[in-house]
Amino acid sequence: MAQTRRDQSVAAVRHFNRFYTQKIGVLTDGLLQSEFSLTEARLFYELHHREAPTAAELSRELALDPGYLSRLLRSFSNQGFIERVPSALDGRQHLLRLSAKGEQTYARLNNRSEDSIRTLLSTLRGDERERIVEAMQVIEELLGEKKPRASAEAVVLRAHRPGDIGWVIQRHGEIYSQEYGWDERFEALVAGIASKFILEREPERERCWIAELNGRSVGSVFLVRESKTVAKLRLLLVEPSARGLGVGTRLVDACVRFAREAGYRKVRLWTDSQLLAARHLYEQAGFEHISSEPHSDFGEGLVSETWELKF
């Protein structure tokens, strides 16, 4: 099964590469209508955005053969696009920068490039453009060079908005299937809890929090009413990409704080013995393990647990 999924992933990436290469070809060959090659346009871009780089730095960044890059730079120099300035640190090196003519040429190329992208996106709705940008950011994040991990301070908790509940249901179904092998009955359970929350919610005593990181949803939790004095913490979720940032702790703390302010005397929750990270969070927040019971509601060999926190 795992091998089949990997093969499907490889096929999907190759299919996307062919599609995107063709689309980029339309942009560069059809829309730009430039006298410069794509490599030359990239060279203009790097020279504009870098602070007087050396030829060696450009060669590494553009992954170009030094000899080929040298010929391009000689051509740029002959056309008056670049200036060479001796390095103050090493007299043997020369720093490169665009001349006034080079900056004007870059601006013209940049405007054409932006116009071509606008044309490409012009047929899409606003929400469709946002989906494309978000997907590109995810690809860059996962396949690009590893960047410093986001800080906990970058995570924001907010109230739910239209569309969030669907995301909560989908990600519960996907993550618990991938990580624990739970079947679609668990997703149905989540859908029922979420639907009841939307249809019957008491705003003063029930709430949903969504955790966001850089504009992306990375976690959720719900506090719902069981009785006048008892609340239930439900649907705690943290995306794998956001684990280790304290998202779960902040979501649980938000629930507990709200429950106190709303006048509840107790918060109860259900979890499973497999969910070790969640159980640790509950224990840290002061919850006590009350009871356990074997079940097979969405998998074999499962053990449900009830935890409570009294005020």
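Axes here are lines fitted to C-alpha atoms, for helices over the stretch in contact, and angles run from 0 to 180 degrees between N-to-C directions. Helices (H or I, at least four residues) are DSSP runs, numbered from the N terminus.

This is a predicted model, where local features need pLDDT of at least 70, side-chain atom pairs count only at pLDDT 80 or more, and totals for chains, interfaces and linings use all residues. Residues are numbered from 1 along each chain as its sequence is written, and side-chain values use heavy atoms, with hydrogens and water left out.

| Helix pair | Residues | Angle | Axis distance |
|---|---|---|---|
| α2 and α3 | 38-49 and 55-62 | about 125 degrees | 11 Å |
| α7 and α8 | 164-180 and 184-200 | about 160 degrees | 9 Å |

**α2 with α3.** Helices α2 and α3 pack at about 125 degrees. In α2, R42, L43, E46 and L47 meet L58, E61 and L62 of α3; contact means heavy atoms within 4.5 Å. The contact residues of α2 and α3 comprise four nonpolar, no polar and three charged. Ala, Val, Leu, Ile, Met, Phe, Trp, Tyr, Cys and Pro count as nonpolar, Asp, Glu, Lys and Arg as charged, and the others, Gly among them, as polar.

**α7 with α8.** Helices α7 and α8 pack at about 160 degrees. They are therefore roughly antiparallel to each other. α7 crosses α8 in a right-handed sense. From α7, I165, V168, I169, Q170, H172, G173 and Y176 meet F186, E187, V190, A191, A194 and I198 of α8. This contact of α7 with α8 has nine nonpolar, three polar and one charged residues.

Key
Helix = DSSP H or I, 4+ residues; strand = E, 2+ residues; numbered from the N terminus. Parallel < 35°, antiparallel > 145°, perpendicular 65-115°, else oblique. Left-handed = near helix turned anticlockwise from the far one by under 90°.
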